Amino acid sequence: MSVKGGLQRLKGLYKFGEFHSRIRGKVFVNKRGAIQVGKNLTVVGHPWAVQITSTKGANLLIGNHVYINAGVGIAANKEIVIGDNVKIGPRTSIFDSNYHRMDSADKGELSKKITIGNNVWIGADCTILPGVTIGQNSVIAAKSTVNKDIPDNVLAGGSPAKPIRELTIEDGWVRE
Ligand SMILES: CC(C)(COP(=O)(O)OP(=O)(O)OC[C@H]1O[C@@H](n2cnc3c(N)ncnc32)[C@H](O)[C@@H]1OP(=O)(O)O)[C@@H](O)C(=O)NCCC(=O)NCCS
């Protein structure tokens, strides 16, 4: 399905991505909380559907020129901020809640804010865990699990993800 001009016609997604978004395939949106989207969002909902959730009281902010590939799941239970020019590879999960307790001693917060900086590229099959910040321009290698903050301008990878090397980022460079 291609919806020119945004996702307004999809159930629960009124005023979502109204500025020239390109939405293809199946995109399931559960909008009980806030969802704010910038210009030129691309969502590829095939061959795997994309799931985008904002639960009651949660905030999901998606910047300009963001690319969300097939099979991606994004679920905000508290807050997820995705910067401008962020590219998210196929089957990656960005969930800001653990949803379940580890054991009876686990009384901590289940949901913690996730921040993904401008120009970040997250490869395929990655998991971004609650509470994490990924610094601007950084790249998360395929199949990584990000459970701790990643600084700006690095390639990071592995499970758990660690910085591997510095990237060369010129001023004003934009990830395409
Ligand atoms: C991140 C990526 C571009 C790195 O490519 P690269 O050319 O191998 O990068 P480098 O040569 O600088 O690799 C540096 C180190 O990172 C390691 N590395 C690369 N990818 C890795 C990964 N996915 N997980 C763990 N380590 C990884 C390399 O083995 C290398 O380690 P070494 O120095 O010990 O040999 C590539 O591995 C990747 O993950 N691409 C994502 C592709 C993708 O998901 N596409 C979907 C469309 S968005």
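Is Asn85 buried or exposed? Asn85 is buried, because 22 other C-beta atoms lie within 10 Å. A residue is called buried if 20 or more other C-beta atoms lie within 10 Å of its own, exposed if 12 or fewer, and partly exposed in between, with C-beta atoms placed from the backbone. The structure is a predicted model: local features need pLDDT of at least 70, side-chain atom pairs count only at pLDDT 80 or more, and totals for chains, interfaces and linings use all residues. Residues are numbered from 1 along each chain as its sequence is written.

The confidence score, pLDDT, is the predictor's confidence in each residue, from 0 to 100. Its mean over the protein chain is 91, and 89% of the residues reach 70 or more. Over residues 1-15 the pLDDT is below 50. This stretch still has 31 contacts in the model beyond near neighbours in sequence. Two residues are in contact if their C-beta atoms, placed from the backbone, lie within 7 Å.

The protein chain has zero helices and 17 strands. Helices (H or I, at least four residues) and strands (E, at least two) are DSSP runs, numbered from the N terminus. Of the 176 residues, 39% count as buried. Among contacts with a separation of 6 or more, 27% involve residues 24 or more positions apart.

Five strands form an open sheet in the order β2-β4-β7-β10-β13, with parallel pairing. Its edge strands are β2 (34-37) and β13 (133-134), and each pairs on one side only. Two strands pair if DSSP finds at least two bridges between them. Strands β4 (residues 59-62) and β7 (residues 79-82) run parallel and are joined by four bridges. Leu60 has Ile80 of β7 as its bridge partner.

Strands β16 and β17 run antiparallel, and four bridges join them. The hairpin has four residues between the strands, and Gly158 takes a positive phi near 100 degrees. Pro160 is also found in the loop between β16 and β17. Ser159 and Pro160 are joined by a cis peptide bond, with omega about 5 degrees.

Of the 16 residues around the ligand, Gly89, Gly123, Ala124, Ala141 and Gly157 come nearest. A residue is near a molecule or strand if its C-beta atom, placed from the backbone, lies within 6 Å of it. The elements that give two or more residues to the shell are β16 (154-157) and β17 (162-166). By class, the shell holds seven nonpolar, six polar and three charged residues. Here Ala, Val, Leu, Ile, Met, Phe, Trp, Tyr, Cys and Pro count as nonpolar, Asp, Glu, Lys and Arg as charged, and the others, Gly among them, as polar.

In soluble globular proteins, nonpolar side chains tend to be buried together. A nonpolar core is a set of buried Ala, Val, Leu, Ile, Met, Phe, Trp, Tyr and Cys residues joined through C-beta atoms within 7 Å. The largest such core has 40 residues, of which Ile140 and Val146 touch the most other members. Strand β3 (residues 42-54) gives the largest share of this core, four residues. Beyond four places in sequence, the contacts of Ile140 include Val146, Ala156 and Gly157.

Two loop residues are buried. Val72 sits in the loop between β5 (67-68) and β6 (73-76). It counts as buried because 26 other C-beta atoms lie within 10 Å. Not counting residues up to four places away in sequence, Val72 touches Val50, Ile88, Arg91 and Thr92. Gln136 lies in the loop between β13 and β14 (139-140). With 20 C-beta neighbours inside 10 Å, Gln136 is buried too. Gln136 and Gly117 are 19 residues apart along the chain, yet their C-alpha atoms are separated by 4.1 Å.

Backbone exceptions remain. Most residues other than glycine have a negative phi, and most peptide bonds are trans. Asn85, in the loop between β7 and β8 (87-88), has a positive phi of about 60 degrees. Tyr99 has a positive phi of about 70 degrees. Tyr99 lies in the loop between β9 (93-95) and β10 (114-116), and counts as exposed because it has 10 C-beta neighbours inside 10 Å. A cis peptide bond joins His46 and Pro47, with omega about 0 degrees. Pro47 is placed in strand β3.
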